[in-house]
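Student: Could you walk me through the salt bridges in this one? I'd like a close look at that part alone.

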Amino acid sequence: MATLRLYHAPISTCSQKVRLGLAEKELEFESVTLDLLAGDQHAPAYRKLNPDGVVPTLVDGDTVLTESTLINEFLDEAYPEPKLSPDGARERHAMRLWTHLVDAQLHPACRVVTSAIAMRPAQQRLDREQVLSDFAKVPDPALREMRISVFEHGVESPYFERALRSYVDVLETLESALSSNQSDYLVGSRLSLADLALVPYVLRLDHLGYSHLWQNERRPHLTAWYERLHLRSAYDAAIRAWEVAPAVEGMHAAGSAVHSRVDEILGRA
Ligand SMILES: N[C@@H](CCC(=O)N[C@@H](CS)C(=O)NCC(=O)O)C(=O)O
């Protein structure tokens, strides 16, 4: 079997998603971690592998794969056991609607929310010119503009409220789908790439200290699904093993610092 090499960051959602795919399939990989705050993703050698300057990137033999959703689809085809997609075409479409939701809505929302709440305080401790020069290396102009706005204004950036609402809307979509499903999982009767794609984003809110958005009977089906996924051994290998306590504590502290403002924006103050 060819050697797999994963370029990733320990608590990046997209990296967690791919590590879950690898762990469910019990695939070993060589790990190359990038420090996103230090700008490792913009190093010329890495940008040759991933021109967007983001993680993750998976190298399988001489094949370089980017885009976490597509990497997990690749893994499911190239390493078919255990299967992480449903059998029927209709259900596979349903699975892809979830992964599309992540790519089109949830990840962009999470990027803004995480940047405003948790990355900004860390970036503010760095040299301002260095931070701005890293933003200048972001290839997508819209993303660059968002990064600057969020760095300057945090949760008061015009990007923040829209992103936060969009993020929380997905929690309701999850609750509603899981409450009407006859299954423990998002699609069909077994775990699929849909579950692996969504769970890192619930975890991110958990890390920020916002689990009240689904716990305490607010969203009981989502709570049960989230807890169920935590019981999998793949979760330990892909998520817990990579959690760096100071980073998680830092996210929690940053979340607490703006908790009341976030509640206010959500209209629950
Ligand atoms: N659509 C891409 C998004 C990748 C992405 O945004 N990765 C984040 C971490 S989750 C990243 O590398 N951020 C660093 C940056 O934007 O500078 C994927 O799914 O792989």
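Tutor: The structure holds 15 salt bridges, a salt bridge being a side-chain nitrogen of Lys or Arg within 4 Å of a carboxyl oxygen of Asp or Glu. Keep in mind that this is a predicted model, where local features need pLDDT of at least 70, side-chain atom pairs count only at pLDDT 80 or more, and totals for chains, interfaces and linings use all residues. Residues are numbered from 1 along each chain as its sequence is written, and side-chain values use heavy atoms, with hydrogens and water left out.

Let's start with E73 and R96, whose closest N and O atoms sit 3.2 Å apart. This pair ties together distant parts of the chain, 23 residues apart: E73 is in helix 3 (residues 68–78) and R96 in helix 4 (residues 89–124). Helices here are DSSP runs of H or I, at least four residues long, numbered from the N terminus. E73 is buried, at 16% relative accessible area, while R96 is partly exposed at 36%. The cut-offs: buried is under 20% relative accessible area, exposed is over 50%, and partly exposed is in between (1.4 Å probe, protein chains only).

Next, R240 meets D236 at 2.4 Å, N to O. R240 is partly exposed at 39%, and D236 is partly exposed at 36%.

Then there's R261 with E264, at 2.6 Å, N to O. Both lie in helix 12 (residues 259–265), three residues apart, or about one turn of the helix. R261 is partly exposed at 30%, and E264 is partly exposed at 45%.

Key. Helices (H or I, at least four residues) and strands (E, at least two) are DSSP runs, numbered from the N terminus.
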